[in-house]
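Open the model in your viewer and keep the selection tool at hand. The tour goes stop by stop.

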Amino acid sequence: APCTPSPSLWASPGKGMSRSPLSPPGIKCGGVLSAPSGNFSSPNFPGPYPYETECTWLIVVAEGSSVLLSFSHFELEYHAACAYDYLQVYNGAARDRGNLLGTFCGHSPPPPFSSAWHVMAVVFRSDRHVAKRGFAAAYRKGSGEGWRWQSIHLSVLLHHPHHPCLSADACGGQLTGLSGEITSPRYPESYPNDAECRWSIGGTGSGGPLTLVFADFQVEGGEGCGFDYVALFDGPTAAAPRLGRYCGSARPPRTVSSTPYLLVLFKSDFNIGGRGFKAHFYSAGECQEVFTTVKGNFSSPRYPSFYPNNLKCQWSIQLPPGYQVKVFFLDMELEGRSSLTGGCDYDHLAAFDGGTENGSLLGRWCGRENPSPVTSRSNQLLLVLHTDRNTAKRGFSIAYVGVVPMNVSCTRTDFHIQIPVQSLAHLERNRIYLGTPSCAAQVVGRNFKIHTRFDTCGTESQKRNNTSVIVSTLYIDFSVGDQEDIHQYEVQCEPKRKEASVTLIAGPDPSRLSQAENLVDAQQREGGATDARETKSQDTSDIVFISICILAGLLMVIAVVGLVLL
């Protein structure tokens with residue numbers, strides 16, 4: 001039967017409530033709500049709330065449970081951006097921007113919320129102008145004994161006939177975060193009979209598709225899933241195309257919507273239950289991408305604002321065979337290392353050689369580290385970001401470039417460079433040159449080839465590690481229109497051993513490179529210049545020595561001639 005609690009039931013402060021430091025004297029609001037269920041409201045509700053007030057309620061239920069929150073009344077001053085009076089709901093501790101589920105004002109009540117863990121925070125703030133009636137809200141623990149209004153009696157039901165009662169196993173709701181978790185009622189205990197739950201996921205503002213991954217699944221089976229089941233729809237309502245209908249003990253496959261919305265519908269019949277399910281969702285548009293271009297850049301969700309919690313994001317770089325992937329870290333600020341283990345046990349970014357997490361680990365980072373560039377051994381590299389339930393930071397920004405496959409060899413006098421045409425299929429041969437544009441590649445069969453002597457094409461002699469080497473720069477010009485994009489490779493030969501090597505020294509737009517990478521390049525250039533100076537210095541010393549020897553010889557000749565004449 002439709003009913004609602006009496007306003008007087010909502011107005012009294014809950015356990016642990018106290019006045020916010022920013023609230024006017026005499027106004028008590030906010031606090032810690034630790035009972036399995038309860039209710040709270042804006043100060044003076046149902047009367048107008050006071051001006052210049054800030055209240056924070058921290059809802060904490062049993063660990064392993066979730067918090068279910070709903071609003072029975074909502075009336076705040078309206079502003080298009082909710083810049084005046086507003087209410088904010090956080091999936092975790094207040095003021096952690098990575099946890100913000102939404103900011104609300106006006107007359108439309110927020111949707112029901114289900115937290116991803118056992119803590120939820122609600123913040124209410126009013127300015128110095130215009131006051132409305134405020135809000136009334138109720139919460140309950142997302143699993144366990146359920147939620148029953150012990151203080152609602154018949155007179156209240158008759159007096160408020162226009163709102164539905166909250167059931168003993170309320171579930172579902174509208175989820176607007178970039179990521180989160182949903183569970184069946186009472187999970188991991190057996191779900192109730194005759195349940196129907198609808199979770200409408202979306203409205204994150206990212207505009208990208210959503211990914212849903214089931215971590216656990218046990219629902220009564222049956223042919224055609226006609227008894228208990230979970231159904232997924234590619235949109236905000238059940239009128240959208242159905243993506244799947246599942247039951248039994250097999251976990252449903254990873255599901256990706258084609259719209260920014262996803263509806264999860266759970267139904268149980270009158271008998272036989274199961275453990276239920278637990279699933280994670282996240283915005284795939286910002287969190288699950290594949291790159292196939294020779295260069296690119298990307299960043300953590302919401303960068304440079306705080307990234308969301310409870311994420312597992314994957315960026316897969318897949319280049320043509322023969323290429324390698326070099327990743328430059330432009331900026332990074334993640335949650336720091338564990339004080340107990342010293343490891344990246346919380347939020348972290350990891351890089352794997354290949355397309356899966358089974359590949360070789362190239363690095364694992366957290367905190368405010370400034371990693372050096374990493375290069376894959378294969379033509380694929382996978383980056384995975386894990387974030388936990390609390391503490392969010394700015395995140396990261398990354399640029400990558402494909403290292404072009406090439407074969408470089410040398411003799412005592414010549415460089416030989418060979419690049420498969422298919423690796424640079426869209427480039428003309430004059431876009432590939434050694435030292436100067438006049439030393440452009442030739443097309444021979446299926447390869448771009450450059451064959452040149454050491455005394456041409458901008459080569460120079462240097463001394464590195466007490467060894468004389470010949471060095472030049474190979475340029476590959478990917479520029480399009482006015483956008484200059486020239487990749488540079490240092491080509492080196494040790495003539496005595498006839499050993500050649502090639503190293504990518506400049507890839508992404510230099511203005512996007514991190515200071516660390518610029519410093520590395522600068523140090524390399526400075527080291528080369530130092531070696532060159534040492535070589536020139538040694539050459540100068542040799543000239544002086546030879547000059548002295550010649551002068552001494554001339555003096556001896558003059559002396560001998562003088563003696564003979566005498």
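Which residue in β18 does A231 stand opposite? Select A231, then look across to L265 in β18. Bear in mind that this is a predicted model.

**The sheet**

Strands of a sheet pair through backbone hydrogen bonds, either parallel or antiparallel. Now show the whole open sheet: five strands, in the order β11-β13-β18-β15-β16, with mixed pairing. Its edge strands are β11 (173-175) and β16 (242-246), each of which pairs on one side only. Turn the view along the sheet to follow the twist, which averages 15° from one strand to the next.

**A charge over a ring**

Show the side chains of Y229 and R245. What lies over the face of Y229? R245 does, at 3.6 Å from the ring centre.

**Aromatic pairs**

Next, colour the aromatic residues. The model has 21 aromatic pairs. Start with F266 and F277. Their ring centres are 5.7 Å apart and their planes stand at 70°, over the 60 degrees cut-off, so the pair is edge-to-face. F266 belongs to strand β18 (residues 261-267) and F277 to strand β19 (residues 276-283). The two residues are 11 residues apart, and their pair links distant parts of the chain. Are they buried or exposed? Both F266 and F277 are buried.

Move on to F291 and F298. This aromatic pair is stacked, with 4.9 Å centre to centre and 15° between the planes. F291 has 14% relative accessibility, so it counts as buried. F298 has 6% relative accessibility and therefore also counts as buried.

Then select F40, Y49, W57, F71, F74, F124 and F135 together. What links them? Ring pairs do, joining these residues into a cluster.

**Where to be careful**

Last stop: colour by pLDDT. The protein has a mean pLDDT of 79, and 78% of its residues reach 70 or more. Select residues 144-169, where pLDDT stays under 50. The model has 50 contacts beyond four places in sequence for this stretch. Then select residues 509-544, where pLDDT again stays under 50. For residues 509-544 the model has 25 contacts beyond four places in sequence. Where pLDDT is low, the predicted coordinates should not be read in detail.

Terms used: Residues numbered from 1 in each chain as written. Predicted model: local features only at pLDDT ≥ 70, side-chain atom pairs only at ≥ 80, totals over all residues. Heavy atoms only, no water. pLDDT = per-residue confidence, 0-100. Contact = heavy atoms within 4.5 Å. Phe/Tyr/Trp six-rings, centres within 6.5 Å; stacked < 30°, edge-to-face > 60°. Helix = DSSP H or I, 4+ residues; strand = E, 2+ residues; numbered from the N terminus. Buried < 20%, exposed > 50% of the residue type's maximum accessible area, 1.4 Å probe, protein only. Lys NZ or Arg CZ within 6 Å of the ring centre and 35° of its normal. Pairing = 2+ DSSP bridges. Axes fitted to C-alpha atoms, helices over the stretch in contact; angles between N-to-C directions.
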